[in-house]
Amino acid sequence: MATATYLMWSHAVVGSSCRVTDVVNVDKAWQLQKGVSRARTFPADAEVHMHPRSPKSVGLTDNLRNGARLVVASAELTNFLRGQELKQVEYLPVTVKNHKGRAVKVPYFIVHPVEPIDCLDIAASNPTMNEIIPSDIDWVEQIVLDHARIDPARRLFRVARFSNIVFVRDDLAKAVSDGGFSGVAFENLDEYEGSEP
């Protein structure tokens, strides 16, 4: 069996597709980027809004672009991922509101990998640590994963201490791409361009 490779979940701009704001009406929304389970505490009125800085961007894709790098997925893409029986992944319903503040008629979900994996090769990645939380990583020169520490059953996950990216195993990325879902893209790890603090 070939060794798995991993990609970064990203987005593709499709025509006038919208981008959305960070999640609102969610207490401790930062937990969504840290991989903290929210299945029992996620509010029914969680929302994202079409971004006011892009008033002409109104198109809906299967994967909505957002600054928090959350996976905001259509029901179709969500159902596809559910069918993959992914481990340690939650599907949290979220309402998308248009530029007039009206809820769009189609459902969306935040696809939320929990229990981040401690698999970043710290030395090889050459990180810059967070000044406030010294155990957290703000930025790395390159992303190097230690595959020996990744459970083969985990096909969609975040990385402990450096959790602002969702990683995808190559076979799952191919299955999603083959499904023809709009707005979805994947990047190789060597394409990482973090913002150095």
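Trainee: Which residue in strand 12 does His-11 stand opposite?

Mentor: Quick ground rules: this is a predicted model, where local features need pLDDT of at least 70, side-chain atom pairs count only at pLDDT 80 or more, and totals for chains, interfaces and linings use all residues. Residues are numbered from 1 along each chain as its sequence is written, and side-chain values use heavy atoms, leaving out hydrogens and water. Strands (E, at least two residues) and helices (H or I, at least four) are DSSP runs numbered from the N terminus. Strand 1, residues 6–11, runs antiparallel to strand 12 and is joined to it by five bridges, and the residue opposite His-11 is Val-184.

Trainee: At what angle do helix 2 and helix 4 cross?

Mentor: Angles run from 0 to 180 degrees between N-to-C directions of axes, lines fitted to C-alpha atoms, for helices over the stretch in contact. Contact means heavy atoms within 4.5 Å, and here Leu-77, Phe-80 and Leu-81 of helix 2 meet Leu-172, Ala-175 and Val-176 of helix 4. The axes of helix 2 (residues 75–83) and helix 4 come within 11 Å, and their crossing angle is roughly 140°.

Terms used. Two strands pair if DSSP finds at least two bridges between them.
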